[in-house]
Each structure stands twice: as C-alpha cells, then as structure tokens.
Amino acid sequence: MQPLRILCTALLAATTLLPAAGQGRYANDRYEAEVFADGRIDLRHKASLRSVAFRPDFRILRYEKAPRCTMRRIEKQGTIDNLNYRTCAWGAETDLFRLGTPERQELERVDLLPGRAIFRFRATETGQLTASLELPAGDTEPRIGYRYHVRRRGSYSVGYCGAPAIRPADAEEVWQPLVWTQKRFPGKSYLTPDHLCSMPLAAVTAGGLSYGVVADPADFPFEPLPTFRTMRFGVALRDAAGEARPMIWAPVPGAKESLFEAGDTCTFRLRLFAAPCSMTALHEDLALHLYGLARYRRTNATGSLNATLDNMIDYGMSHYSWFVEELKGCSYETDVKRAVKNTSALNPLNIALVTDNEAIYERRFLPMYEFMLSRESLLFALEPRTGADRQVPSSTLGRPVMPPSEAAAIYEVTGAQSPFLIREMQREKGLGSNPAHERYWRGQLALYRATGQRKCLAEAQRGADRYLLEAVDAVQDRFDYKHQNASSFWTQLSPKFPDLYDLYEATGEKRYLEAARYGARRYAQFIWMCPAIPEGEVTVNAGGVAPKQKPWGEPMRVEEERVAAWRLSEIGLHAECGSTAYSHRAVFPAHHAAPMRRIADKTDDRFLERIANWAAVGRYANFPGYHINTARTTAYEKPDFPLRTHASMNVNSMHYNHVWPHISIVLDWLVTDVEVRTGGAVRFPAIAVEAFANLGCRIYGHRPGTFYGQKATLWMPRRLAACSDPQLNYLAARSGRERLYLAFANQSPEKVVATVRLDDRRVRIPSGTRARLWRDNRPAGTVTVRDGEFEIEVSGDGVTALAVEGAELRVEFQEQLLGRTEAWAHDYAKGPCGRAMLLNAGALQKRVFAYVASSAGQYRRAALRYRIDGGEWSDRLDSSFPFEFSVPLPDGASRFEYRFFLVDADSRQIEGPVHTLSREPLSPKP
C-alpha cells in the first residue's frame with residue numbers, strides 16, 4: 001500500500017484551458033469550472049448548463065493521540081438508523097463531529113495558473129495546507145488534490161467540506177454508502193470508511209441535479225484488498241449543523257495511517273461532480289467511466305461453468321460438504337457448534353431432476369424435505385446453545401418451518417400429487433394479513449403457479465400493486481420494514497426485483513418489469529464498483545501460501561502465481577449484509593446475477609448486464625466458500641479448494657448450508673445466459689426459490705421448454721459434454737430418448753473453434769450422424785458427429801446450438817420423477833403425539849414420513865406401529881431424539897394406519913390414537 005504520508009510529486013496532470021477565456025476558467029469535455037479570487041468554484045455541467053458552487057473548504061481534526069478507530073453498530077433512533085450496520089467508532093462515539101471540533105483552514109490566496117488553480121492556506125503551528133483544482137483532459141470529473149505539511153507530531157485527518165449544504169427535507173435523494181439511500185438520512189454524522197464504500201462517494205440530489213464528492217481512483221488502490229486494517233479515507237453526509245453536505249475525510253481519524261511525524265506530508269485526491277441525473281444513473285456513470293468498469297469484462301479464466309457445476313455437485317455429495325445424515329441437515333459448525341441448518345429442499349430436488357441423479361434425490365433432497373416438514377426452525381441442534389451473533393438453534397420437532405411458497409413449489413415439481421403441501425402448509429404458516437408484504441404477494445404467486453387458480457394471481461397483483469405504491473413509487477426515508485422482514489441483508493433494503501420480474505412474466509404487465517429494473521438498479525448500489533482494476537498482473541499467494549482468515553492454524557498451501565488483476569476483483573459482488581459488511585467483504589453466491597441478466601435483456605440495460613457478468617463468470621472451479629475477506633488470492637479458484645477438512649479451511653468461512661443453493665445459482669445463470677443469447681428460442685420454465693439472505697434463485701426441469709421450436713426437457717447429467725475450450729458453457733436438453741439438444745455460449749469476445757466429446761455412458765450417436773446447427777440464432781447447416789465427437793464454432797459472445805436425431809440417450813431417474821401417479825385424498829394426519837404424511841413424487845415409490853412432535857429430552861424412546869391396507873401391524877423403534885420414521889409403501893397401496901407409542905422422561909408410557917392416511921376420502925367420524 002502506498003502510505004498517505006508520502007510527498008506527492010505529481011498531483012497535477014495536464015488540462016485543457018478554455019481558449020481566450022481568462023485564467024480563472026478551466027474546462028474539459030464534460031465540465032467548465034470558473035474559480036474566483038475568494039476561492040469559490042462554479043462547476044458547470046457543459047451538456048446541461050447546470051452548475052453548482054463548491055468552495056475550497058477544508059477542516060482538520062488533530063489529536064496528540066487520537067482514540068483508536070473501531071467498528072460499532074449505528075444507533076437506532078425510532079425508524080431512523082433502525083438497522084444492524086457498523087461503521088467508524090472511537091470508543092463509544094460514532095459521530096465524527098463529536099469526536100472533536102475540526103479546525104477550518106483559512107484561505108490566504110488563490111493562484112489562477114494555466115491548467116490549474118492553487119489554493120494556499122494560512123500556516124498554523126501544526127501545519128500548512130495547499131490544494132489545487134484541475135480538470136483532467138477528456139470526459140471526466142474535476143480533481144481536487146491537497147498536501148498538508150505537518151509541523152507537529154500527531155494524528156491528523158483532513159476533511160474536504162466544500163460541497164454545498166442543503167436541508168435534508170429539501171433533498172430529493174441522498175447517498176452515503178452503504179445504507180443511506182433515497183431519503184434515508186443518517187441520524188448522526190457517521191463516517192463510512194473506504195472498505196464499506198460500494199462507490200466511494202457522498203452525494204445529494206436536489207432540483208434534478210446530483211452533486212457531491214468521490215475519491216479519485218488513484219487514491220483508492222487495488223492492493224491490498226480494502227479491509228478494516230487498510231482504511232485510508234472515509235465519506236460522510238451529515239455535517240455538524242445536521243445538514244446534507246457531501247464530505248470526504250483522509251486519513252480516517254484514529255486509523256494507522258492518521259499518525260504523522262513533523263515534516264511528513266499528507267496528500268489525497270478527490271473528484272467533484274454535478275450532473276443532471278438520478279442517483280442510479282450517476283452510479284452507473286462513475287462506475288463505468290471514472291472507475292473503469294467499461295474497460296473490463298470477465299471470461300472463463302477458471303474453466304467452464306459446466307465444469308464448475310459438476311465439481312460442485314461432486315463436492316456436495318462428498319463428506320467434505322459435511323451433511324449430517326442423522327440430523328438431516330448441513331453442518332453449521334462455522335456459526336453454531338454441533339448444529340445443522342438447511343436453506344431449502346428445492347435446491348437438491350432441482351439438481352437431482354436436471355442432472356438425472358437419483359442419489360442426490362435420496363441422500364440430499366429427501367432428508368432436507370423431511371427436515372423442512374418437521375423442524376420448527378431452519379437452525380436445529382440436539383440441545384439448545386448460542387452461537388455467533390446470538391443465533392440459537394431450535395431443538396424441537398413440531399410445526400413445519402417450510403414456507404408456503406416452497407411447499408407450493410415442491411407440489412408443482414413432484415407432479416401435484418401431494419395435496420397436503422397446498423392445504424396444510426398454507427394453513428400452518430399462512431401468508432400474513434398485509435397484502436403489500438413480500439411474503440403475501442410472493443406466496444400468492446407461488447400458489448397460482450402450482451394450482452393455476454386465477455384468484456391467487458389476482459391476489460398476488462393486488463398485494464404487489466400496493467407494494468409498488470408504498471415501497472417503489474414512494475421515496476423511502478426510514479428503515480421501517482413494513483414490506484419485508486427486518487434484516488440488514490440487502491434483499492431487505494431494496495425493492496424485490498427478482499420477484500417483481502417473476503410477476504411480470506406471469507402477467508405480462510410492464511409496470512412490474514419497470515419496477516423490477518428500478519429495484520435492480522437500487523440493489524446495484526450495494527454492489528462493489530471499486531477499487532479500480534489496474535492493468536496487467538498481480539502476484540498472489542506469496543511464499544506459496546494463501547492468506548489466513550484466522551490468526552491460528554496452518555495456512556493453506558497454494559502456488560504463488562501472477563494473474564490478471566481483473567480475476568481477483570470483487571466488482572460485481574457485494575458484502576454479505578449491513579451487520580457484517582465490515583468483515584464479509586464480497587460473498588460468492590451471486591444470486592442477483594441471473595435476475596439482473598433477465599431484466600437487462602428485457603429493458604436493454606447494459607449496466608445491469610455488466611454487473612451480472614462480473615458477478616457470475618470466471619470466479620471459481622468448485623465451491624469457493626462464502627466470501628473474499630482477507631487478501632487477494634486465487635485459492636478460491638482451484639478445483640480442489642473445498643476438498644479439505646473443516647479444521648484446515650482457513651482462507652474464508654465455510655457455510656455448508658450454502659452448497660446446494662449455490663449450485664442452483666450456478667445452474668440458474670447457465671440457463672438464463674443461453675435464454676438471453678438465443679432471444680428466448682431456448683427457454684425452460686422456472687420456479688422461484690424463496691430463501692433467506694443471498695441464496696434465492698430459480699429452479700428448472702419440472703416442465704418441458706422449447707429449443708428452437710422443439711419441445712425439450714432440460715437434461716444435464718454430470719460431464720455429459722467435454723469441450724476443448726473452457727470459454728464455452730453449454731446447456732443440454734432432450735426429447736424422449738432419441739433427440740439430444742445442445743447450446744454453447746461463448747464467454748469470450750473472440751471466436752472459438754472447439755472439439756466436443758459426448759459421454760458415451762449417457763449418449764450413443766451413430767458415427768456419421770449429421771446434426772442440425774444454429775449459429776447466433778440462424779440456421780447454419782449441419783455438423784457431423786463421429787465417434788461421439790464433433791467440432792463447433794461459436795462467435796465472440798455468441799451462441800451455437802445443435803440438434804441430434806437418432807441418438808440413444810440413457811435416461812435414468814428423471815423420467816420417474818417426471819412421471820405421474822394418483823394423489824391420495826387424505827395424505828396428512830396430525831394428532832397429540834405427532835404427524836404423518838405421504839411423500840408422493842412422480843412415479844417414484846411412495847413413502848410415509850412420520851415424526852413425534854417433541855423437544856429434546858421430552859421422551860426417551862418412541863415406536864411407530866403401522867399397517868398397510870389392513871395387513872399385519874408392524875413396529876419401528878427409535879431410541880434417540882429426534883424421533884422420526886420413514887416407511888416405503890408397496891406399489892398399489894391405498895391405506896396406511898398408524899399410532900405412536902412413547903416413553904417420556906419419567907418412564908411413563910404414552911399410547912397415541914390411531915390415524916389413517918388413505919387414497920380414498922375417509923368417512924366422517926360419527
């Protein structure tokens with residue numbers, strides 16, 4: 001890192017002087033600036049002729065020994081700052097202006113020179129400030145640079161406070177990263193440090209003009225990775241008088257860089273801006289042009305996403321992914337010891353279906369399905385305990401934790417053969433009474449998709465329209481959580497763009513598409529657009545070891561190497577949430593990528609398209625763990641990265657409940673990418689997965705889609721196709737067992753010619769078969785398949801597809817899951833001891849899942865006595881909590897009777913009543 005205390009020798013670059021305009025006027029392609037003798041800077045946006053007056057107003061905070069800067073939660077004041085979010089603090093103080101009284105620097109004179117204006121300030125006993133204004137050539141923002149020559153040892157922070165102030169009520173919008181957006185104005189003068197700046201700015205919109213300050217990219221270095229330990233500067237919005245005034249302070253008071261010796265020089269550069277645009281448009285402009293996002297794109301540097309998908313599935317089925325079979329959940333050891341947590345059973349169901357893999361269904365989906373049907377919380381342990389962030393698992397089986405939308409989705413995917421998923425799950429959980437709440441209208445949409453009932457769609461629209469009125473059209477000025485659950489996850493702090501887009505697809509109503517785009521743009525404000533990516537390569541893994549997340553333990557061995565800097569950038573990702581943004585810098589599950597790509601396609605929004613590409617492409621070759629949070633490294637990229645014990649993982653956090661959602665997120669991107677590239681010619685029906693935090697996505701495969709006019713079912717067995725060029729991702733589909741469809745999407749701007757070999761264990765094609773081709777969505781003749789191989793050409797950023805007839809496809813499990821059988825009229829029973837239900841999926845073997853409703857320690861043992869179709873009674877015993885039973889039914893079974901026998905903690909025996917599950921309706925009891 002370049003220290004802030006160095007003497008800057010080249011702050012000023014060449015600018016263009018307006019011809020015959022006088023020495024106080026400067027210009028470039030975008031701005032004109034007129035500087036007056038009193039220091040005032042009239043900054044004019046040339047295209048609009050709108051102007052803002054800035055001043056050379058600098059304040060200095062100085063301490064003999066500043067209190068150490070830490071991170072502390074902001075203070076709730078009603079619905080103002082009602083958020084779990086951490087920012088700079090000094091002891092218990094979080095208000096910058098209560099830390100001390102900044103000394104305003106007295107301007108002595110202004111030198112109006114060719115190409116720049118120099119502002120000279122009166123020397124004090126502690127130091128002297130000199131600043132300059134220049135307009136770099138081209139289409140860019142004016143730059144202010146300063147030098148502060150230190151005369152007395154101490155801790156210093158120089159604040160630029162020269163932007164105009166406005167009453168918060170008069171501002172149309174404000175922005176101080178990460179959380180103060182729209183009209184949410186900070187209740188105190190919080191300082192946001194650079195590592196919490198998705199874009200390092202503070203801004204105000206008033207009268208249709210967005211103005212403020214942003215750090216110059218040259219003073220926000222790429223190396224080292226911005227973290228709490230590397231803080232260089234911070235931005236603030238609320239001034240000492242409580243007005244909205246964009247400010248930037250460097251160094252951060254109390255940070256390591258703030259200590260200077262006599263004779264040192266503190267330097268910093270920032271940019272001014274004033275543009276007649278919305279805050280989201282300003283965000284796009286600064287990201288693309290000032291911070292250089294337009295100069296870069298991601299490609300498949302780590303291999304194709306199909307290879308990544310296959311590796312992640314292998315990992316998800318291995319012992320390394322730590323699925324605790326006896327508890328039917330994913331280990332949550334990172335946060336709560338000896339606990340498990342699941343996110344959604346839909347993810348393994350999705351992957352089992354699409355990859356035609358019965359083992360995933362049996363070993364991952366069914367246990368998670370039973371977990372969601374029986375546990376009262378997503379977080380479960382055999383005994384109560386408290387984990388990180390006061391997380392307390394449940395130790396109770398009782399009411400199902402499964403949300404109504406998931407129940408509806410499983411009902412739809414498994415063939416609409418389990419009526420209890422609609423009837424009982426909706427009764428148990430409900431959708432709430434507020435139609436504008438996300439749970440209500442999203443749940444109604446899921447019910448419409450599952451049942452086809454138009455009244456559910458009407459209710460979804462009624463709730464969503466109220467949501468649009470209150471949460472989208474209305475400018476948000478507080479954190480009140482009327483329309484979503486209280487949380488600091490970004491999904492709860494911006495409009496629900498994936499769900500609004502789903503509603504658009506269901507209705508065709510443009511207002512939902514427009515709202516989805518608006519929500520995606522708002523969400524983008526949480527996504528990293530900095531630091532700027534340098535040209536060339538960066539050395540990582542110095543000494544052959546990866547950076548350590550924890551100070552203890554051995555570092556992971558990984559090769560020292562030089563790689564292109566863009567591969568290491570966090571741009572396109574975001575921090576986990578407000579409460580952990582200071583530590584969980586960039587999380588890998590890019591749940592936002594696929595919906596942003598879909599919205600970008602329908603609205604021609606290239607900014608959202610870029611963000612989606614940066615989030616999803618070329619980041620890892622296997623499950624990468626959760627986040628980037630220590631230093632630049634390629635450790636996450638490696639195919640063997642997660643193939644280690646939990647104790648030896650010391651690069652980032654391993655959250656094993658993320659594995660299957662993350663796999664679904666990758667598949668969602670693959671399907672969406674091809675759909676967009678083919679203009680919808682290759683498209684498959686989808687279902688939204690409701691998931692907490694950053695794990696939402698779509699799932700596929702339950703119904704046929706289309707492949708250039710042909711009916712096709714998504715079919716992607718692992719390692720179905722091996723491609724010689726990693727820039728090609730592919731989708732595969734089938735029609736019956738005779739037709740194979742493949743679409744190849746080029747992630748590179750360069751044309752790719754590659755050889756593809758098909759797995760002869762799943763596909764047999766007579767040698768010499770001619771396959772039909774489409775190149776960039778136009779018929780392109782045929783290609784010959786010989787011995788399971790063919791050559792394919794794909795244009796830069798293009799797509800090439802082919803259809804093979806006369807193939808012999810080995811379809812295994814998928815046909816059974818997509819098959820149909822009869823639903824039972826009475827498929828769910830509950831009583832004083834527990835519950836039982838019929839799990840009826842496709843043409844697969846039916847089974848009854850039964851569990852004892854109880855908490856840990858309530859019973860010593862349990863037995864399930866049952867009989868099928870009036871036959872002999874059988875017993876199943878369980879001598880340890882949780883008490884649950886799974887009973888396969890023979891083909892043709894139509895009746896299941898059961899009762900529980902329990903022994904409680906005091907050795908008392910309890911005999912439950914007889915209950916019945918039946919294919920036919922049960923006669924009412926007399």
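How many aromatic pairs does the structure hold? I will come to that in a moment, after a word on what we are looking at. This is a predicted model, in which local features need pLDDT of at least 70 and side-chain atom pairs count only at pLDDT 80 or more, while totals for chains, interfaces and linings use all residues. Residues are numbered from 1 along each chain as its sequence is written, and side-chain values use heavy atoms, with hydrogens and water left out.

The structure holds 39 aromatic pairs, where rings of Phe, Tyr and Trp (its six-membered ring) pair if their centres lie within 6.5 Å, and where planes under 30 degrees apart count as stacked, over 60 as edge-to-face and the rest as tilted. Tyr 315 and Phe 623 form a stacked pair, with 5.5 Å from centre to centre and 15 degrees between the planes. This pair links distant parts of the chain, since Tyr 315 sits in helix α2 (residues 305–316) and Phe 623 in the loop between α12 (606–616) and β30 (627–628), 308 residues apart. Here helices (H or I, at least four residues) and strands (E, at least two) are DSSP runs, numbered from the N terminus. Tyr 315 and Phe 623 are buried, and by buried I mean under 20% relative accessible area, with exposed over 50% and partly exposed in between, using a 1.4 Å probe and protein chains only.

The rings of Tyr 361 and Phe 365 have centres 5.1 Å apart and planes at 40 degrees, so that pair is tilted. Tyr 361 and Phe 365 both lie in helix α4 (residues 358–374), four residues apart, which is about one turn of the helix, and both are buried. Ring pairs also link Phe 58, Phe 121, Tyr 146, Tyr 160, Phe 220, Phe 233 and Phe 268 into a cluster.

Let me step back to the whole chain. It has 14 helices and 55 strands. Its radius of gyration is 30 Å, close to the 29 Å that the globule rule gives for 926 residues, so the chain is as compact as a globular protein of that length; the radius is taken over C-alpha atoms, and the rule is 2.2 Å times the number of residues to the power 0.38. Of the 926 residues, 63% count as buried. Among contacts (heavy atoms within 4.5 Å) between residues at least 6 apart in sequence, 69% join residues at least 24 apart.

Next, helix α11 (residues 593–603), which is mostly covered, with eight of its eleven residues buried. The buried residues of α11, including Met 596, Arg 597 and Ile 599, pack against α9 (497–507), α10 (510–524), α12, α13 (659–677) and β33 (697–700). Just after α11, Asp 604 takes a positive phi of about 55 degrees.

Which backbone details deserve a look in the loops? A cis peptide bond, with omega about 0 degrees, joins Cys 530 and Pro 531, and Pro 531 lies in the loop between α10 and β27 (537–540). Another cis peptide bond joins Phe 881 and Pro 882, also with omega about 0 degrees, and Pro 882 is placed in the loop between β51 (874–878) and β52 (884–888). Asn 541, although not a glycine, has a positive phi of about 60 degrees; Asn 541 is in the loop between β27 and β28 (561–564) and is buried, with a relative accessible area of 3%.
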